[in-house]
Amino acid sequence: MTADATGDVETLVERAEEEPTSVTVADIRPYLEADEDITRKRALDVCQAVAYVDSERIAPLIPDLLDFVEDDFLAVKHSALGAIGHLVPDEPDAVAEGAEKLTRELSGKTPLTRFLAAKSVAFLAFERPGALVDHVDALVAALDQDGPTLPDEPAGSQFTGPDDPVREEIGKNVAQNENARELAAKALVAVAETDPDAIVPHLEALGPYVDDRNEIVSGPLIEIVSTLAADDYTIPDGIAERVESTLPDGSTQLRARSLRALGYLSATDAADTVRTVAEEADDEELAAFAADTAEWLESADDG
């Protein structure tokens, strides 16, 4: 590295984009140790580019990348998270060493931080769910992250239409925040399938998200309820009612999940709502499933 580190690292970035397999750890490391934030950020961009093509070339830098996840400079943090996201599928054990650092960022300051962290955590959950057993509290907390919302557009609003750049940026942040919550919910499913006992103490906290407005959040959590109820775990009071509340307006897939959960919960109080689905659902398979579930719940109630 010469005195012109900024210029040198940009040359390395260009090389990584054109010939990623020509870049080595020795090429990158000096820039990761630079004092300038932007130089370190661009070195991490090189890591992303190379890891996308050949994760093995970057694997020795995983401990460094995990340290950069905690960097105060957001651009550095984000580039480090992006690189780790490419590395998890091929290097899950090495990334698992930083599970605590990654799950901490699920409650990061920005929607992009949370989204990038959630991508890595979700990949880790699919590859090494056991690495997240001690971090269920962080996964649950990720569901509670309130992102920005798109404002209404009254007359004279600064938001002049769907192509307004400010509105577009807010929309991007909204999507990132919801994507992070969705990925956290899917990670919780993976943990529940591996170690249900790790989830049980958190069921009370998960309750409010069983009927979440975002079905990609609520659906996986309903699956968790089904799995645990089927294995005779005690489900907290109130969760069956939340599952039932998704039946009138949920998608076909969500209602199917809810019907299954209500059956496993022996939620006899929901029999009338389930019967209504059987009578009114347009989807024939859903209607038949609802009829069978209603019959089961009614017989259980009679017993």
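Analyst: Axes are lines fitted to C-alpha atoms, for helices over the stretch in contact, and angles run from 0 to 180 degrees between N-to-C directions. The model is predicted, so local features need pLDDT of at least 70 and side-chain atom pairs pLDDT 80 or more, while totals for chains, interfaces and linings use all residues. Residues are numbered from 1 along each chain as its sequence is written, and side-chain values use heavy atoms, with hydrogens and water left out.

User: At what angle do the axes of α10 and α11 cross?

Analyst: The axes of helix α10 (residues 136–143) and α11 cross at roughly 145° and come within 8 Å. Helices are DSSP runs of H or I with at least four residues, strands are runs of E with at least two, and both are numbered from the N terminus. The crossing of α10 and α11 is left-handed; that label applies if the near helix is turned anticlockwise from the far one by less than a right angle, and right-handed if clockwise.

User: What makes α16 roughly parallel to α18?

Analyst: The axes of α16 (residues 252–264) and α18 (residues 284–302) cross at roughly 20° and come within 10 Å. Therefore α16 is roughly parallel to α18, as angles under 35 degrees count as roughly parallel, over 145 as roughly antiparallel, 65 to 115 as roughly perpendicular and the rest as oblique. This crossing of α16 and α18 is left-handed too.

User: Why is glutamate 105 called buried?

Analyst: Glutamate 105 has a relative accessible area of 9% and is therefore buried: the term means under 20%, with exposed over 50% and partly exposed in between (1.4 Å probe, protein chains only). Glutamate 105 lies in the loop between α8 (99–104) and α9 (111–127). Leaving out residues up to four places away in sequence, Glutamate 105 touches Val69, Lys77, Thr113, Arg114 and Ala117, where contact means heavy atoms within 4.5 Å. Of the 303 residues of the protein chain, 49% count as buried.

User: How many residues does the largest nonpolar core have?

Analyst: The largest nonpolar core has 93 residues. Such a core is a set of buried Ala, Val, Leu, Ile, Met, Phe, Trp, Tyr and Cys residues joined through side-chain atoms within 4.5 Å. Ile199 is among the residues with the most contacts inside the core. Apart from neighbours within four places in sequence, isoleucine 199 is in contact with residues including Val136, Leu188 and Val191.
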